[in-house]
Amino acid sequence: MKFRTILTIIGVVIGTSSIIVMVSIGNGAQKSITDELSGIGSVTTLQVYQDLSSMGMTSMGGGKTDDKAILNDDAIKDLKKIDGVVAVTPVVNLNGGEIEVDREQYGVSLMGVDYAVLEDMRYVTTSGKKPGANDENSVILGKDVLTSITYTGASTQLTESEVKPEDLIGQNITMTIKRTNANGEEEMKTQKLKVTGVLEATGGNEDYSIIADYNLVTELNEWQTGRKANVKKQGYTQALVTVEDSSVVNAVTTEVEAMQFTVFSMQQILDSMGSVFQMLQILLGGIGGVALLVACIGIVNTMTMSIYERTKEIGIMKVIGASISDIRNMFIAESTMIGLIGGLVGIVISLVLSVLINLVAGFFIGGEGGVTISFITPGLVIFALVFSALVGLLSGVRPAIKAANLSSLDAIRSE
Amino acid sequence: MHKDFKLGKEDINILKGINLDIEQGEMVALLGPSGSGKSTFLNVLGGLVPPTSGDIMIRDYRISEMTENELCLFRREHLGFIFQSYNLISTMTAMENVALALTFAGVKKEIRKERAIEALEVVGLVDRMGHKPSELSGGQQQRVSIARALVNHPEIILADEPTGNLDSKTSADIMEMIYRLNREENQTFVIVTHDPDTTKYCTKVIHMRDGLIESEVNQ
Ligand SMILES: Nc1ncnc2c1ncn2[C@@H]1O[C@H](COP(=O)(O)OP(=O)(O)O)[C@@H](O)[C@H]1O
Ligand SMILES: [Mg+2]
């Protein structure tokens, strides 16, 4: 093989492997973030809120109930009727709780959900078990509930507690809440909570909360605020809707929005991230594309040179019976081979590079189980192979046609 | 038949009216001074360049009106060429050079090899079939090119000064071989030569001058 041809192949190798590596980095970033976000349950759980504008109207209008949608028990029943919905629970939050574990104080918030449907929600406990429908004082701990966040200057630091949430399973913990009464004095109330399990990471609020029964949380809320919540007129601030699987998320979202509620879902975030990553990939792929374009010019150049050098040979072949298409196909096959070999070598090199990138990234970022920065899908490999062969083929067409149309006699005379 | 070449804006008349009949199996020698149009005539005859006016008929085929692709198919089956400068492909062995003519005719690989060796046998070069042209003498290279012209068993072989680059001993050998092929296979030969000695076996000797036939002698 000629040195020139080898150089041209190297050009294709660089082009192909830069496309693959670039796109694989886009892929890898998307995969690791998507994996992070789509913890079990979170993708199939929709957060439903009362329409924010209607909430504002109601409070300003002094509890006036017009035709604005209210997220009360009737609405919860209606939500349950939507096709594809498995469970619906109102969510009641309580902030400002404190627990003491191992002589350390931790600020906690409670997230009250309906224990009657807890079994149907996609909450998974990593250890322990979920409380039953009647275990009113039992709770599940979020994975990061004992992790305290400290702000030092500009940076945020997560300090993991010595005590793991798992250590508390089966124990009773005491939570203290405070309120200021009418006389300006501070009052305290303690509540015993029995820990039955620890929740697997969801990527949502649950990770930093204690999941409790909503009746209990409502009771504590009433003590803290000193008044009874009028759920029927004011509604819950939030409800969680669990759906069958991710394929119905969009359909259910549409129906809930038609009921004039505001919906948030991980799916929406993933969708919008998807388009961000697509842009990232197009950008990175474009950089590789430029490299391949340069390779393409290299192939055209090499083929043109090679035809120039082999003019006499082409003339001889035509004289002894090669047809126009014989000559044309011969040169197109040659340039396609350059593209194909370059593509194959490029794929092998990018697979190696991908492993190296992940190794090096893993070394710097750390974390067990390795890090995926670069992720090469089979589709990407096939695409790269077809694309590089196509680049070779297309680059060869013009020179090949030029060669095929040489006059045999002029060609045979050239030296 | 006429042939003009464009030289700048002017058309110069190279072949100024050639009229010739050649029978199957004839051995035709084409003589004449350099520049008289012998090569041009041979190339027009083989369909490598089109005539400016007039007709060329080979059997029932009207060469002068064929498209390039038709000509190419025709050459494959009916014509063989031998050149003064051999025109072998330098990167291929003797055997591959001979077999190449069969590749374009769509002959299967094993058969190609078999027939290439057969053709090399005819020219007495089987023992050199693995050699590249640069490893062969001039006479041997010309014999490879003759084998290549023969391998398709064409009815007509056109040779343009086949011995022009060879010494007299080798020239005589090559001409002997050509006469033998003509006798044994009844192939029609048109040979351009400037050596009057080589015309003794020819059935027809044509002298050209300034693009015209000066004399035509049947022997
Ligand atoms: N492609 C061409 N373009 C212009 N003139 C040509 C071309 N080929 C040949 N000629 C001219 O035609 C004349 C005949 O050439 P040629 O047929 O090669 O003569 P011969 O083979 O008898 O020596 C010469 O004057 C030559 O210069
Ligand atoms: Mg000549």
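Let me begin with the contact between the two chains, where seven residue pairs, both at pLDDT 80 or more, are in polar contact between chain A and chain B, a polar contact being a pair of N or O atoms within 3.5 Å, of which, within protein, one must be able to donate a hydrogen and the other to accept it, while residues adjacent in sequence count only if both atoms are side-chain atoms. This is a predicted model, in which local features need pLDDT of at least 70 and side-chain atom pairs count only at pLDDT 80 or more, while totals for chains, interfaces and linings use all residues. Residues are numbered from 1 along each chain as its sequence is written, chains are lettered from A and ligands numbered from 1 in the order in which they are written, and side-chain values use heavy atoms, with hydrogens and water left out.

Across this interface the rule also finds two salt bridges, each defined as a side-chain nitrogen of Lys or Arg within 4 Å of a carboxyl oxygen of Asp or Glu. In a salt bridge, the side chains of B:R76 and A:D326 meet at 2.9 Å, N to O.

Turning to the extent of the contact, which counts heavy atoms within 4.5 Å, 16 residues come from chain A and 18 residues from chain B. Together the chains bury about 1600 Å², with 64% of it on carbon and sulfur atoms, where buried area is the accessible area (1.4 Å probe) that two parts lose on being put together, summed over both. On the side of chain A, the residues A:V319, A:I320 and A:L409 supply 34% of the area that chain A buries against chain B, more than any other three residues.
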